[in-house]
Amino acid sequence: MYASAGRREDVRTVRELMKEKAVTMEPGRSWIELDQTLHTFQASDRTHPRKDEVFAKVRELSIKIKEAGHI
């Protein structure tokens, strides 16, 4: 949240605190249904056999969400 708000110093502070406390983050996970099949993948995963279709759908949904005024 701080990074998207441009609050770089706060980002640095939080990351330092996380390191001190040995806090780890799990990769983000996403699910999408294509052709009645549920597909899951993790952030930065480029190994899914239908990744091009998945990312095209994500782009399409992102545009619709923005057009609806949610972002």
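Helices are DSSP runs of H or I with at least four residues, numbered from the N terminus. This is a predicted model, where local features need pLDDT of at least 70, side-chain atom pairs count only at pLDDT 80 or more, and totals for chains, interfaces and linings use all residues. Residues are numbered from 1 along each chain as its sequence is written, and side-chain values use heavy atoms, with hydrogens and water left out.

**Exercise 1**

Task: Compare the length of helix α1 with its expected span.

Solution: 
- Step 1. Helix α1 covers residues 8–20, which makes 13 residues.
- Step 2. The expected span is 1.5 Å times one less than the number of residues. For α1 that gives 18 Å.
- Step 3. From first C-alpha to last, α1 reaches 18 Å, close to the expected value.
- Step 4. Look past the helix. A22 follows α1 and has a positive phi, near 60°.

**Exercise 2**

Solution: 
- Step 1. Recall the rule: a side-chain nitrogen of Lys or Arg lies within 4 Å of a carboxyl oxygen of Asp or Glu.
- Step 2. An α-helix has 3.6 residues a turn, so residues three or four places apart point the same way.

**Exercise 3**

Task: Describe the salt bridge between E9 and R12.

Solution: 
- Step 1. The N to O distance is 2.2 Å.
- Step 2. E9 and R12 are three residues apart in helix α1, so about one helical turn separates them.
- Step 3. E9 is partly exposed at 47%. R12 is partly exposed at 40%.
- Step 4. Now search the whole structure: seven salt bridges turn up. Another one joins R7 to D10, with the closest N and O atoms 2.7 Å apart.
- Step 5. R7 is partly exposed at 41% relative accessibility. D10 is partly exposed at 25%.

Notes. Helix = DSSP H or I, 4+ residues; strand = E, 2+ residues; numbered from the N terminus. Buried < 20%, exposed > 50% of the residue type's maximum accessible area, 1.4 Å probe, protein only.
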